[in-house]
Amino acid sequence: MDSLTAGRRWAALIALSLGGFGLGLTEFVAMGLLPDIARNLLPGAYAASVPDALARAGWMITIYALGVVAGAPTIAVLTTRVPRRRLVLGLLAVFVAGTTASALAPTFELVLAARFVAALAHGAYFGAAGLLAAALLGPGSQGRGVSIVIGGLTAANLIGVPLITVLGQAHGWRAAYLAVAAVFAFSLVAVLTTVPAMSAAPGGSPRAELRAFRSPQVWLVALAVAVGTSGFFAVNSYIAPITTHVTGLSEPTVPWVLAAMGLGMTVGIGLGGVAADRDLRRSVLFGFLGLIVTTAFFAVAAGNPAGLVVGAFLVGAASLFIVPALQSRLIAVAPGAQLMGAAVNQSSLNIANSIGAALGGVVIAAGWGYLASAWLGVALSVAGLGLALISFRLDRAVEPARTLPEHVPA
């Protein structure tokens with residue numbers, strides 16, 4: 001890595017972040033186009049009951065999250081000896097194929113199947129690309145490496161998701177997903193031409209990666225991630241109907257609300273990467289507190305247009321501020337299995353996505369109103385904070401939460 005020029009190093013980091021940009025598009029564009037997807041794929045259900053149809057269409061989000069959960073640890077185990085650059089290129093190829101199939105599948109069930117296949121590569125990409133970015137940056141840069149790759153996801157929410165949402169509203173959700181597939185194809189070419197070849201982690205093996213699951217702390221931290229961050233997804237999954245049915249704004253306003261949330265996510269991930277490298281424990285605890293406060297503010301203020309926009313920004317910032325710290329925490333409690341630690345974080349985040357979208361749909365379908373999903377999110381974030389406190393209480397080393405590897409192998 002030392003032989004790379006600064007320009008080549010940053011070109012490689014941007015290429016890896018571009019893959020995260022594509023993942024942000026494919027994961028979050030469904031939120032803004034959920035009404036369009038429901039109208040197109042579930043016309044009978046939509047005509048009978050809009051809330052029920054939206055709740056069912058929410059499975060587009062849930063099934064993707066389940067694919068990430070299944071794929072991240074599985075790929076981490078099966079590819080432990082695969083050079084990270086080659087792994088990242090293969091995962092991007094899966095995204096191109098899976099996203100294209102999602103756009104072209106003729107029925108709701110086949111769209112769900114294609115979304116599941118595409119999602120299998122999601123968590124492994126963030127894990128492998130994050131480790132590559134950390135290696136490019138040098139020792140002691142785990143949090144910043146994660147934040148650069150996930151920064152592509154936040155940029156997608158700031159710029160890409162609103163633009164793709166406008167495209168989908170004008171030309172149909174299928175056109176939106178074809179555009180996302182094109183972004184993945186461009187990402188693949190960028191990584192191929194800029195990221196240097198790197199060997200797999202020395203001494204890596206499936207057994208070593210699986211050994212991470214022997215640690216009770218891995219399970220506890222993963223549970224804190226899955227439960228504690230699901231509140232964000234309970235809000236984000238239903239941001240379109242909240243904007244139109246609760247705040248009373250027009251459908252073309254949805255991309256602007258998504259842009260506000262994306263701006264918050266961009267600010268949050270930038271601050272969170274630096275904070276995680278400085279004080280991991282404090283970043284985790286303050287991150288959960290931020291989620292609790294901002295989600296409660298959103299639940300109270302979203303009925304007003306200004307409150308909706310400000311609340312979306314704050315929830316987005318809090319949700320991404322905590323992500324680098326949570327991934328670094330999982331890597332720290334899974335020594336010798338860094339790829340698995342990163343993969344487990346992505347699986348846990350997408351369990352959170354599944355929980356938030358599914359439970360949010362349940363409370364909405366129960367007739368409690370769209371903002372009931374936000375109050376549910378507050379409760380889930382409180383539970384996540386409690387689990388994080390238990391995890392830190394169980395630590396007996398002097399500063400285990402701040403101890404990171406001196407070098408992150410590629």
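The largest pocket is lined by Val69, Pro73, Phe213, Val218, Trp219, Ala222, Leu223, Ala226, Val344, Ser347, Ser348 and Ile351. The structure is a predicted model, in which local features need pLDDT of at least 70 and side-chain atom pairs count only at pLDDT 80 or more, while totals for chains, interfaces and linings use all residues. Residues are numbered from 1 along each chain as its sequence is written, and side-chain values use heavy atoms, with hydrogens and water left out.

On a 1 Å grid over the protein atoms alone, a pocket is an open set of points with protein on both sides within 12 Å along at least five of seven lines, a cavity is a set where a 1.4 Å probe fits but cannot get out, and lining residues have an atom within 4 Å of a point. The largest pocket holds about 190 Å³ of space. Two or more of its lining residues come from each of helix H4 (59-78), helix H11 (216-228) and helix H18 (338-365), and H11 gives the most, with five residues.

Two cavities of 30 Å³ or more are found in the whole structure. The largest cavity has a volume of about 220 Å³. It is lined by 18 residues, of which Phe28, Phe233, Leu320, Val323 and Leu349 are the closest to its centre. H18 gives the most to this lining, with three residues.

The second largest cavity contains about 50 Å³ of space. Its lining consists of Val221, Ala224, Val284, Phe288, Leu326, Arg329, Ala388, Ser391 and Phe392.

Terms used:
Grid points are joined across faces, edges and corners, and a volume is the space filled by probe spheres set on the points. Helices (H or I, at least four residues) and strands (E, at least two) are DSSP runs, numbered from the N terminus.
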